[in-house]
Amino acid sequence: NGTYAVTQEVALVEAIVVRSVNGAPVTTVDAANGRRCFFLTDPGARVQGLTLYRGYAENSGAGGGGAYLQYGTIADCTITNCSAGNSGSGGGGGGIYVINGTISNCTFSCNHTVQYGGGVRLAGSAALVTHCLIQSNGATGPGGGSYSCLGGGAFMDAGTLRNCLIIGNLATNGGSGVRLVA
């Protein structure tokens, strides 16, 4: 229980589980708008029962303010007030950027990007987001130029979005709920 301030992103590069005892409402990882909360690269890595708060992915490199999920699982978490800057075509995912992992039973709220997917960006064929609430996220900005502003709730290059409730999201240039690129 408690709030844990992170001064650098927490990298899970092995099969490590980071889990709270009493759940997301009482356990927060706060990145203070200065860095991403988690970076998962191992299929056995797992983050469970936490609130990922005020994570930020910088203007260069990949997105995912709350977490970048190359492999692994994020479950039973709240991802809120996270953002991803303008990192070009590899950016977006204000809350989470997922390539080959699973996100289940999570709530995405009040996350933002000026690129792709205010709440979450699914960028790989093995990306799975299931049984999540994706609410009040945004892909907003000036539009045009290097700001795509697509997919307020979710942006899907690939992957699967299953049994999720997607409500009240906003995108400047299309796909306020979900933007699917085929």
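At 1% relative accessibility, Cys82 counts as buried. In this predicted model, Cys82 takes part in no disulfide, and the nearest cysteine sulfur, which belongs to Cys37, is 4.9 Å away. Cys132 is itself buried, with a relative accessible area of 4%, and the structure as a whole holds zero disulfides.

The overall fold was examined next. The protein chain contains 23 strands and zero helices. The radius of gyration of the chain is 14 Å, close to the 16 Å that the globule rule gives for 182 residues, so the chain is as compact as a globular protein of that length. Along the principal axes, the C-alpha trace spans about 45 × 30 × 25 Å. Of the 182 residues, 51% count as buried. Among contacts in the protein chain with a separation of 6 or more, 76% are accounted for by residues 24 or more positions apart.

Ala127 provides a local view of such packing. Ala127 is found in the loop between strand E15 (120-122) and strand E16 (128-130), and Ala127 is buried, with a relative accessible area of 1%. When residues up to four places away in sequence are not counted, Ala127 touches Val98, Ile99, Asn100 and Gly101, together with Leu122, Gly159 and Thr160. Gly23, by contrast, stands 104 residues from Ala127 along the chain, and the C-alpha atoms of these two residues are separated by 24 Å.

Backbone angles were considered for two further loop residues. Asn81, which lies in the loop between strand E10 (78-80) and strand E11 (83-84), has a phi near 60 degrees, a positive value in a residue other than glycine. At 35% relative accessibility, Asn81 counts as partly exposed. A positive phi is likewise found at His131, where the value is near 55 degrees and the residue is again other than glycine. His131 lies in the loop between E16 and strand E17 (133-135) and is partly exposed, with a relative accessible area of 44%.

The open space at the protein was then described. Rolling a probe the size of a water molecule over the atoms shows where empty space is left. The largest pocket has a volume of about 150 Å³. The lining of the largest pocket is formed by Asn1, Tyr4, Val6, Val10, Val18, Arg19, Ser20, Val21, Thr27, Val29, Phe38 and Leu50. Strand E3 (17-19) and strand E4 (27-30) each supply at least two residues of this lining. When the lining residues are grouped by class, eight are nonpolar, three are polar and one is charged.

Notes
Residues are numbered from 1 along each chain as its sequence is written. This is a predicted model: local features need pLDDT of at least 70, side-chain atom pairs count only at pLDDT 80 or more; totals for chains, interfaces and linings use all residues. Side-chain values use heavy atoms; hydrogens and water are left out. On a 1 Å grid over the protein atoms alone, a cavity is a set of points where a 1.4 Å probe fits but cannot get out, and a pocket is an open set with protein on both sides within 12 Å along at least five of seven lines; lining residues have an atom within 4 Å of a point. Grid points are joined across faces, edges and corners, and a volume is the space filled by probe spheres set on the points. Helices (H or I, at least four residues) and strands (E, at least two) are DSSP runs, numbered from the N terminus. Ala, Val, Leu, Ile, Met, Phe, Trp, Tyr, Cys and Pro count as nonpolar, Asp, Glu, Lys and Arg as charged, and the others, Gly among them, as polar. A disulfide is a pair of cysteine sulfur atoms within 2.5 Å. Buried means under 20% relative accessible area, exposed over 50%, partly exposed in between (1.4 Å probe, protein chains only). The radius of gyration is taken over C-alpha atoms; the globule rule is 2.2 Å times the number of residues to the power 0.38. Contact means heavy atoms within 4.5 Å.
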